[in-house]
Each structure stands twice: as structure tokens, then as C-alpha cells.
Amino acid sequence: MRDSGLWLDVLEMPEALARTLDADAGVADAVAVFADPSVRRVVATGNGAAYYVGFALALAALRSGAGPELVALPAGVVADPSFAWREGDRLLAISSSGEFKDVVTAIEQGAPKPVVAITAHAESTLGRLGDAVALQTVLHQRAITHTQALAGALAIGLRIWGRTVGDAALARAADDGPALLQAAIQTAPGWAEAAFAEGAIPASAASFGGGPAWAAALETALLLKEIARIPAEGAETREGATSVMYGLNRSCLVLALGTDGDGGFAEAVDVCRATGATVVEVPGGRGVDPRFAFATLLPATCAASGVLAVRGGHDIDNPTWTEAYYATARASGKP
């Protein structure tokens, strides 16, 4: 796992994030769009990890309680011709490549102007279509899995929204991100190897997290599916205790994403463990702003998925589904 392209990408997360934060490129333009008094609702959209970033931003906005409404929807919903835009709507389109087909379609089919984009490529289709383009740095993406892109988009999104609504703490939530990521990366591989190097590979898995870490739970389930090829679901902490537990047994794994202030976490762990499932708390979420914990949990969830993938005989960097994904996800049908 440690010599995979995925882990090399993870190792570069702190530097990529530092460059993104230092550049602050396009953030002021995005804030100007959303801070306009005519804006009533912002719809954040993307696919997979990018959608989960939008969802994390929406959950963070709920804790701020100021400014226009911020909601997150998958790009397939927003690209549907039947999607009804409202007066005062604005689109926040998230795609590191800038080429995700449904995101582009949503704009071309009449999303309200001006459109705000978060991308790593100013010259991409999304970069050209966006009226305000906030840029993030992705040094490399050796694996198909998003790591640097996820952390950068989350940080830029938190900064944009915090400045939009006048929440200084939210705007600064990712400022210590590079150092926090470095600490998380140092811990993650040893933890994953100790936790998952032996024993049966889980037949299925689940993950849960509270508040903004709910988005991290969705991403964790995605990683287990895309890297380790283990069927998985992600849920909010209370749902972990009251619905996820229904399908658990001794063949299942639960990755519990603990963050500060998650009052239902201990009970959810106990309820899931009582089913016979193996329940493991993932490091990286404690002692950080819960609104940025999505990023600091990522090294450990990548490491866990990578260790399980190697044991299962799967290619971490080039899963068997890659070609089919690009054929349906990109307008060009190519990476």
C-alpha cells in the first residue's frame, strides 16, 4: 500500500493544500457572487468526492446559521432538465478536472448566472464556463482516487462560505490544514496495517460520522467500494445506531469517524459492536475543527482501504471499473 500511487498522492496533500491556501485564487470573486443581496440559495453540486465536498460545506453552513441557504445535490439531479431553478439561486460547481459531464451539462442547460466554480484547471470546460473560478492546486493524481483535490476543494469552499456569511472561524477552519494533514499522514499507515493486516476480509462495511463528518462517512464508503471493492454504506452517526446496525453481523466492518462534539458517537459504536461486527474508530478527526475533519480523516480511510485492497488482490491505482467510469463521467469519455 505504501508504494502505491494513491499513497504518494496522499503524502503530497499538505503541500498541495498549502499552495491552494496561499494562492487564495478566485476566492474574492466567488465571495462577491454569493454575498450579493439578491442571492437566496446556493446549490453546490459535483460527483462522488466533489459532491461530498459540497455536502460537507452545506453541513458546515448549518452550524453557521447565517447568509443564504446552502444545499448540496448530486450533479445528476442538477443536470436533469426537470430541475427547477428558483429566483435568487446560484450554482457552486465542484470538479477538480473541470470536465465532469453532468456538472457541465447543468451549466449549459441554464443554471443561473453568475456561476461559481471550484476546479484545479482554469482552462477546463468548467473553468471556461464559470464566471468566478476558485482554483485549487493538485500536484499529482497518480491514482484515480481523489485526495489532494478533495482537501483543496473543501478548504477553498470553507473559506468562500465563511467570508460570504461573515463567519471568521469558518473562513479560518482550514488554515492549519497542512500541519494537521501532515500529522494525520504520519499516523495513518501504521494504524491501518495494525488494524487490517490480518483476519478475514469483510463481506461488507459501513461508516458513520456526525455533523460535517457525515460527508466523510459517505466518502469512506466510496473508498472501500472503489479501492478495496467491499460493498459499503455511509451514514450520519445517529443513523449508524438506528438503521445501519440492522444489516450488521460478524462478517461486517464498521469504520467509526469520531469528531469533537459528536454526542451520539459512543452509543453508535456500542450498538454496532453489539451486532458482532468489527468496529474500528478511524484516527484523524479528533482535536481539529469538525468542519475540516473530512480532510484530516482521509489519510487513514485511504490507508485502510489500501491495505484491504492489497489483501484482496486489487489494483489500488487502476481498479477494474476505471474505463467504464470515464466513459460515462467525462464528456470526452477519457481521463
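## Helix α2 and its surroundings

Contact, as the word is used here for packing, means that heavy atoms lie within 4.5 Å of one another. In this predicted model, the buried residues of α2 pack in that sense against α1, β5 (132-135), α8 (148-165), α10 (177-196) and α14 (293-312). The residues concerned are M13, P14, A16, L17, T20 and L21. They span an arc of only 165° around the axis, and therefore lie on the same side of α2.

Directly after α2 comes D24, which has a positive phi near 55° although D24 is not a glycine. This residue belongs to the loop that links α2 (13-23) to α3 (27-34), and with a relative accessible area of 23% D24 is partly exposed.

Five strands make up an open sheet, ordered β2-β1-β3-β4-β5, in which the pairing is parallel. Strands of a sheet pair through backbone hydrogen bonds, in either the parallel or the antiparallel sense. Within this sheet, β1 (residues 41-46) is joined to β2 by six bridges in the parallel sense, and A44 is the residue that stands opposite A72 of β2.

Helix α8 lies across β1, β2, β3 (89-94), β4 and β5, and runs at about 150° to β4. T164 and P68 are separated by 96 residues in sequence, yet their C-alpha atoms are 9.1 Å apart in space.

What is the extent of burial in β8? Six of the six residues of β8 are buried, so this strand is largely enclosed by the rest of the structure. In a regular strand the side chains alternate between the two faces of the sheet. Both faces of β8 are covered, with C252, V254 and A256 buried on one side and L253, L255 and L257 buried on the other.

Strand β6 (residues 204-209) pairs with β8 in the parallel sense over six bridges, and here C252 of β8 is the bridge partner of S204. Strand β8 (residues 252-257) is also joined to β9 (residues 278-281), again in a parallel arrangement, by four bridges. In this pairing L255 stands opposite V280 of β9, and A256 stands opposite E281 of β9. Together with helix α13 (residues 265-273), β8 and β9 make a right-handed β-α-β unit.

## The segment before α1

S4 is placed in the segment that precedes α1 (5-11), and this residue is buried, with a relative accessible area of 7%. A polar atom of the S4 side chain lies 3.1 Å from the backbone nitrogen of W7. Not counting residues up to four places away in sequence, S4 touches I316 and D317.

## Backbone features in two further loops

The peptide bond that leads from K113 to P114 is cis, with omega near 0°. P114 itself is part of the loop that runs between α6 (101-108) and β4 (116-119).

A positive phi, near 60°, is found at R229, a residue other than glycine. R229 sits in the loop between α11 (213-226) and β7 (232-236), where R229 is partly exposed, with a relative accessible area of 37%.

Notes: Residues are numbered from 1 along each chain as its sequence is written. This is a predicted model: local features need pLDDT of at least 70, side-chain atom pairs count only at pLDDT 80 or more; totals for chains, interfaces and linings use all residues. Side-chain values use heavy atoms; hydrogens and water are left out. Helices (H or I, at least four residues) and strands (E, at least two) are DSSP runs, numbered from the N terminus. Buried means under 20% relative accessible area, exposed over 50%, partly exposed in between (1.4 Å probe, protein chains only). A polar contact is a pair of N or O atoms within 3.5 Å; within protein, one must be able to donate a hydrogen and the other to accept it, and residues adjacent in sequence count only if both atoms are side-chain atoms. The arc is that of the directions from the helix axis to the C-beta atoms. Two strands pair if DSSP finds at least two bridges between them. A crossover is right-handed if, with the strands pointing away from the viewer, the path from the first strand over the helix to the second runs clockwise. Axes are lines fitted to C-alpha atoms, for helices over the stretch in contact, and angles run from 0 to 180 degrees between N-to-C directions.
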